[in-house]
Amino acid sequence: MKHFDYTPRGVCSRAIHIDLSDDGKVIESVSFDGGCNGNLKAIGKLVKGHSPEEVAGILAGNTCGPRQTSCADQLSRALTEATAALQA
């Protein structure tokens, strides 16, 4: 398993923790520090077992209220960075 931590910007959550399979093709778990606890736990459950690329594509550009981003959008950025790091 590969673990990645991401510091989101412009949202209430303070950190995103991602575990990917050894080959980086499957999300094993996602958790957030801070933010809307129930919603972010639900996101973690929904994305488990899916590919990082699929989830990043679905969540990219999602906004929260007047913000230009959201925790879901920040997760998409985190997943993109994590997969890029695995390919480097």
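This is a predicted model: local features need pLDDT of at least 70, side-chain atom pairs count only at pLDDT 80 or more; totals for chains, interfaces and linings use all residues.
Student: Is Gln74 buried or exposed?
Tutor: Gln74 counts as buried because its relative accessibility is 2%. The cut-offs are under 20% relative accessible area for buried, over 50% for exposed and partly exposed in between, with a 1.4 Å probe and protein chains only.

Student: Which helix does Gln74 lie in?
Tutor: Helix H3, residues 71-87. Helices (H or I, at least four residues) and strands (E, at least two) are DSSP runs, numbered from the N terminus.

Student: OK, switching to the largest nonpolar core. Which residues touch the most other members?
Tutor: Ile18, Val30, Phe32, Leu75 and Leu79, out of 21 residues in that core. H3 gives the most to this core, six residues. A nonpolar core here is a set of buried Ala, Val, Leu, Ile, Met, Phe, Trp, Tyr and Cys residues joined through side-chain atoms within 4.5 Å.

Student: What does Leu75 touch, leaving aside neighbours within four places in sequence?
Tutor: Leu75 is in contact with Ile16, Ile18, Val30, Phe32, Ile43, Val47 and Leu59.

Student: And Ile27, where is that found?
Tutor: In strand S3. Ile27 is buried, with a relative accessible area of 1%. Not counting residues up to four places away in sequence, the residues Ile27 touches include Val47, Gly49, Val55 and Leu79.

Student: How far apart are Ile27 and Gly49?
Tutor: They are 22 residues apart in sequence and 5.3 Å apart in space, C-alpha to C-alpha.

Student: Zooming out, in what order do the elements of the chain run?
Tutor: From the N terminus on, β-β-β-α-α-α. The radius of gyration is 12 Å, close to the 12 Å the globule rule gives for 88 residues, so the chain is as compact as a globular protein of that length. That radius is taken over C-alpha atoms, and the rule is 2.2 Å times the number of residues to the power 0.38.

Student: How much of the chain do buried residues make up?
Tutor: Buried residues are 40% of the 88 residues.

How values were computed: Residues are numbered from 1 along each chain as its sequence is written. Side-chain values use heavy atoms; hydrogens and water are left out. Contact means heavy atoms within 4.5 Å.
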